[in-house]
Amino acid sequence: MTRLVLVGPPGAGKGTQAVALSEKLRIPHISTGDLFRAHVGEQTPLGQEAKRYLDSGELVPDSVTNEMVRERLAEPDAKVGFLLDGFPRNTKQADVLGEILGEVDTKLNAVIQLQVSEDVVVDRLLSRGRSDDTEEVIRRRQQIYVSETAPLLEYYADILVTVDGVGTVDEISARVLEALRDRT
Ligand code: AP5
């Protein structure tokens, strides 16, 4: 079983790497950002609640996010393992993930940090142009990463794998797989 988390600032390439790695490792890619965007697109009650947070770059409240992830991890495909992208995003969410995994007597194998400078990520996001990729919202997402999410690097210090996130998509996936060799 391979249970992994990808961490990195907005634009680090988490989603891009998650697609490549989930295919290679044959585990589902679970992205909280994608789940929220799907709800927004379908205009579900959850999507209506999440939209204002996504639009401003703020985190969706933990109670909503944790419940959505708990339900997703209970689906059959996640029993073979998973690659979480964008969750947990703060230490309280990490505590909840630990509880969810503890209930089925499992643990994470590794947390992969994609390391990319702020200049590079801002350039990437401005040239992508998703609706939350305006300069102001990108700056807010960066601030939240530093204050809320970066503490996870310490929280997961024992299982943290840090990979240079600059290069081609294939080069970066190869670095991640090499770094995971003894951990999955
Ligand atoms: P989310 O969708 O997770 O956004 P993010 O963390 O800001 O990350 P991005 O999707 O912008 O970047 P990424 O690191 O995935 O990079 P990507 O591969 O896309 O979250 C969005 C919002 O949802 C949050 O702001 C929040 O409101 C809410 N949310 C989500 N999770 C939550 C949680 N747990 N709790 C509460 N709220 C939550 O790549 C970016 C660009 O770079 C692309 O154009 C890509 O093509 C390009 N690129 C990728 N790799 C490379 C490369 N190697 N070289 C050159 N370009 C590259």
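Is Lys107 buried or exposed, going by its C-beta neighbours inside 10 Å? Lys107 counts as exposed, because there are 11 such neighbours; the cut-offs are 20 or more other C-beta atoms within 10 Å of a residue's own for buried, 12 or fewer for exposed, and partly exposed in between, with C-beta atoms placed from the backbone. This is a predicted model, in which local features need pLDDT of at least 70, side-chain atom pairs count only at pLDDT 80 or more, and totals for chains, interfaces and linings use all residues. Residues are numbered from 1 along each chain as its sequence is written.

**Figure 1. The whole protein chain, before we zoom in.** The chain has 9 helices and 5 strands, where helices (H or I, at least four residues) and strands (E, at least two) are DSSP runs numbered from the N terminus. Read from that end, the order is β-α-β-α-α-α-β-α-β-α-α-α-β-α. Along the principal axes, the C-alpha atoms fill a box of roughly 40 × 35 × 30 Å. The radius of gyration is 16 Å, which agrees with the value near 16 Å for a compact globule of 184 residues; it is taken over C-alpha atoms, and the globule rule is 2.2 Å times the number of residues to the power 0.38. Buried residues come to 34% of the 184. Take the contacts between residues at least 6 apart in sequence, and 77% of them join residues at least 24 apart; a contact here means C-beta atoms, placed from the backbone, within 7 Å.

**Figure 2. The shell around the ligand.** In this view 29 residues surround the ligand, and the closest are Pro10, Gly13, Gly15, Gly33 and Gly86. A residue makes the list if its C-beta atom, placed from the backbone, lies within 6 Å of the molecule. Two or more residues each come from helix 1 (14-25), helix 2 (32-42), helix 3 (45-56), helix 6 (118-128) and helix 9 (169-180). Sorted by class, the shell holds 11 nonpolar, 12 polar and 6 charged residues. For that sorting, Ala, Val, Leu, Ile, Met, Phe, Trp, Tyr, Cys and Pro count as nonpolar, Asp, Glu, Lys and Arg as charged, and the others, Gly among them, as polar.

**Figure 3. Gly11 and Thr16, two positions from one UniProt annotation.** The unreviewed UniProt entry lists a "binding site" that includes Gly11, Gly13, Gly15 and Thr16; its positions are given in the numbering used here, feature names are shortened, and annotations may be inferred rather than shown by experiment. Gly11 sits in the loop between strand 1 and helix 1. With 26 other C-beta atoms within 10 Å, Gly11 is buried. Leaving out residues up to four places away in sequence, Gly11 touches Val121, Arg124 and Leu125. Thr16 belongs to helix 1 and is partly exposed, with 17 other C-beta atoms within 10 Å.

Figure 4. The thing to look for is the peptide bond from Phe87 to Pro88, which is cis, with omega near 0 degrees. Phe87 counts as buried, with 24 C-beta neighbours inside 10 Å. Beyond four places in sequence, Phe87 touches Thr32, Thr65, Val69 and Gln93. Arg89 is buried too, with 20 other C-beta atoms within 10 Å, and its contacts, counted with that sequence gap, are Leu59, Glu148 and Thr149. Phe87, Pro88 and Arg89 are among the residues that the unreviewed UniProt entry annotates as "binding site".

**Figure 5. The largest nonpolar core, and a second one.** A nonpolar core is a set of buried Ala, Val, Leu, Ile, Met, Phe, Trp, Tyr and Cys residues joined through C-beta atoms within 7 Å. The largest has 30 residues, of which Leu4, Leu6, Leu83, Leu84 and Ile112 touch the most other members. Elements giving two or more residues to this core include strand 1 (2-7), helix 4 (62-73) and strand 4 (110-115). A second, separate core has 5 residues, including Leu35, Phe36, Ala50 and Leu54.

**Figure 6. Two positive phi values in loops.** Arg26 has phi near 55 degrees, positive in a residue other than glycine. Arg26 is in the loop between helix 1 and strand 2 (29-31). Gln43, in the loop between helix 2 and helix 3, also has phi near 55 degrees.

Notes
Two residues are in contact if their C-beta atoms, placed from the backbone, lie within 7 Å.
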